[in-house]
Amino acid sequence: MKICVACNSLRAPNLTICPDCGESPRELNGFPAYAPELDASSTGYKDDFYEEYAHLESGHFWFRARASLILWALKKYAPDMTSF
């Protein structure tokens, strides 16, 4: 279930428009934005941290396990997928 951000009523997760109040999320870049005010405030990663993050991720168990799981799922469910 989803909760409407305008009236707090419950609705089915596949509904974008609230059946009780008619509220629908604003679109940003073609996607529904349930908290559009956060888009402008997001600063993202600092450019000088990317190299450090890449180094840390390459040896961290969580990222290695995640990468293995993603590769397994792609091979199983999208075996014909190619990289562009």
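This note covers a loop residue and the aromatic pairs of a predicted model.

1. Basis. The model is predicted: local features need pLDDT of at least 70, side-chain atom pairs count only at pLDDT 80 or more, and totals for chains, interfaces and linings use all residues. Residues are numbered from 1 along each chain as its sequence is written, and side-chain values use heavy atoms, with hydrogens and water left out.

2. Ala-35. This residue sits in the loop between β4 (31–33) and α1 (37–41). Helices (H or I, at least four residues) and strands (E, at least two) are DSSP runs, numbered from the N terminus. Ala-35 has 30% relative accessibility, so it counts as partly exposed. The cut-offs: buried is under 20% relative accessible area, exposed is over 50%, partly exposed is in between (1.4 Å probe, protein chains only).

3. Ala-35 to Leu-56. The two residues are 21 residues apart along the chain. Their C-alpha atoms are separated by 31 Å.

4. Aromatic pairs. Rings of Phe, Tyr and Trp (its six-membered ring) pair if their centres lie within 6.5 Å; planes under 30 degrees apart are stacked, over 60 edge-to-face, the rest tilted. The count by this rule is three aromatic pairs.

5. Phe-49 and Tyr-53. This pair is edge-to-face, at 5.8 Å centre to centre and 65° between the planes. Phe-49 is partly exposed, at 28% relative accessible area. Tyr-53 is also partly exposed, at 27% relative accessibility.

6. Trp-62 and Phe-63. The ring centres are 5.0 Å apart and the planes stand at 85°, so this pair is edge-to-face. Trp-62 is partly exposed at 45% relative accessibility. Phe-63 is partly exposed, with a relative accessible area of 27%.
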